[in-house]
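Please consider the structure shown here with attention to its aromatic contacts and its disulfide links.

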Amino acid sequence: MHSVWTSKRGMVQGLWRERRTPYRSFARLALGLLFVGWATLGNALAQPPQPQSQPQPQSSQSPQPPQPPQASAALNARDANVRQVVLGIISFTRWPTSPAKVRLCVSGNTDYAGDLLAGPLPSTGLPVEAQRVSVDEPAIGALCDALYLGAVSDTERRQLLANIAGHPLLTISERNDSCTLGMMFCLNVDADRVTFDINLDTVARSGVRVHPNVLKLARKPGTP
């Protein structure tokens, strides 16, 4: 009987060891996973938060469509033709007292004065310097030797004529209807050429002298 009990007790202890071993392994595995979890959480908390990228503000201005190359080239050609005609008229004009340089004033809403204001102007006689002057400048007659005029209102035109009265001033208008409204030369700007009309009465009262060759170049009445 003693030997039998001993065998049974040994069998029970063996079974207990076999059953206890998986529980120990499971406990060790659980502790290991818990340690790894705490380590990962600690590393995450130790790292500084990454700044969030701010959305870029969109421009409120819509992009302007580019001008067609053909239209830009045609406008540049007209500007160049206008500059050539204006400088030609100036070169054939004489003032009572010859200025050291011709002060060309550009006033009003102009369409073809870009080349006149772009920089130094070539000339075959007196040097010409162009600048913008307000159409309602009271001293415009004293500040300018020549005037290139764009579109203005009737009120502005009347005030301008009053301000330049009595001053020897060459006047050239971009509007072809201005020769009946007090201007000396009035341009006709076409796609491939620039012609002009002339008001002889205004020329006679202007105080400046214009060479007869310029008068021959003027467009004859009724000429398209």
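The count of aromatic pairs comes to one, where rings of Phe, Tyr and Trp (its six-membered ring) pair if their centres lie within 6.5 Å, with planes under 30 degrees apart counted as stacked, over 60 as edge-to-face and the rest as tilted. The ring centres of phenylalanine 185 and phenylalanine 196 are 5.6 Å apart and the planes stand at 70 degrees, so this pair is edge-to-face. Phenylalanine 185 belongs to strand E6 (residues 185-189) and phenylalanine 196 to strand E7 (residues 194-198), so the contact ties together parts eleven residues apart in sequence. Helices (H or I, at least four residues) and strands (E, at least two) are DSSP runs, numbered from the N terminus. Both phenylalanine 185 and phenylalanine 196 are buried, that is, under 20% relative accessible area, with exposed over 50% and partly exposed in between (1.4 Å probe, protein chains only).

This is a predicted model, in which local features need pLDDT of at least 70 and side-chain atom pairs count only at pLDDT 80 or more, while totals for chains, interfaces and linings use all residues. Residues are numbered from 1 along each chain as its sequence is written, and side-chain values use heavy atoms, with hydrogens and water left out.

The structure also holds two disulfides, each a pair of cysteine sulfur atoms within 2.5 Å. In one of them, the sulfur atoms of cysteine 105 and cysteine 144 are 1.9 Å apart. Cysteine 179 and cysteine 186 form a disulfide with sulfur atoms 2.2 Å apart; the torsion about their S-S bond is about 125 degrees, so the link is right-handed.
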